[in-house]
Amino acid sequence: MFIRFVGQCALLSLLISIVGCSGNSGIQQVSGIVTLDGQPCPGLFVLFTPLEGESRTSSRGQTDQEGKFTLRYTSQIQGAQVGKHLVQISPNPEPEPGIPKVKIPPRYNRSSTLNAVVQEGSKNEFQFDLTSGK
């Protein structure tokens, strides 16, 4: 009787953990484009860090040749958490061949004040028009 009870508890715990870990509740697709002085900027890292909520898991992406990016929450899940985010855009310290190194002012990365709000059921496309001047 006791062994059967323990077995049922173990099965119930397993089901709860599977249900609790499934789905991507609160994660929405996020994409966008980054320009620097009006030109698409390839090879930049884009980081969205939640400013609210319990989980502070950041989402990240990298711009392509057209300056477009798509965020990944994990290696398996695309998107970002719903809510307000701090956005940081940094150059790739080791750009791929053919992509020139660019300098991005600190106001867009380590001293960033860029924000974005990821909304449930919205398209969540963002454009960041950076300038290299002060």
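This is a predicted model: local features need pLDDT of at least 70, side-chain atom pairs count only at pLDDT 80 or more; totals for chains, interfaces and linings use all residues.
User: Where is Asn124 found, and what counts as a strand here?

Analyst: Asn124 is in the loop between strand S9 (114–118) and S10. Strands are DSSP runs of E with at least two residues, helices are runs of H or I with at least four, and both are numbered from the N terminus. Residues are numbered from 1 along each chain as its sequence is written, and side-chain values use heavy atoms, with hydrogens and water left out.

User: Why is Asn124 called buried?

Analyst: Its relative accessible area is 5%. Buried means under 20%, exposed means over 50%, and partly exposed is in between, with a 1.4 Å probe and protein chains only. So Asn124, at 5%, gets the label buried.

User: What makes the phi of Asn124 worth a look?

Analyst: Asn124 has a positive phi of about 50°, yet it is not a glycine. Most residues other than glycine have a negative phi. Asp37 also has a positive phi, near 55°, and isn't a glycine either. You'll find Asp37 in the loop between S2 and strand S3 (39–40).

User: Is Asp37 buried, exposed or partly exposed, and how do you know?

Analyst: Asp37 has 43% relative accessibility, so it counts as partly exposed.

User: How do you know that S8 and S9 pair?

Analyst: Two strands pair if DSSP finds at least two bridges between them. S8 and S9 are joined by 5 bridges, so they pass, and they run antiparallel. Val87 stands opposite Leu114 in S9. Leu114 is on the covered face of S9, along with Ala116 and Val118, while Asn115 and Val117 make up the uncovered one.

User: How many bridges join S2 to S10, and in which direction do they run?

Analyst: Strand S2 (residues 31–36) is joined to S10 by 6 bridges, and the two run parallel. Ile33 stands opposite Gln127 in S10. Gln127 sits on the uncovered face of S10 (residues 125–130) with Glu125 and Asp129, whereas Phe126, Phe128 and Leu130 form the covered one.

User: What makes a residue a contact of Lys84?

Analyst: Contact means heavy atoms within 4.5 Å. Leaving out residues up to four places away in sequence, Lys84 touches Thr49, Pro50, Leu51, Glu52, Asn115, Ala116 and Val117. Lys84 and Thr49 are 35 residues apart along the chain, and their C-alpha atoms are separated by 8.4 Å. Lys84 itself is in strand S8 (residues 83–91), and its relative accessible area of 36% makes it partly exposed.

User: Which residues line the largest cavity, and how do they divide?

Analyst: The lining includes Pro42, Gly43, Ile99 and Lys101, where lining residues have an atom within 4 Å of a point. The lining divides into 6 nonpolar, 2 polar and 1 charged. Pro and Ile count as nonpolar, Lys as charged and Gly as polar.

Conventions
On a 1 Å grid over the protein atoms alone, a cavity is a set of points where a 1.4 Å probe fits but cannot get out, and a pocket is an open set with protein on both sides within 12 Å along at least five of seven lines; lining residues have an atom within 4 Å of a point.
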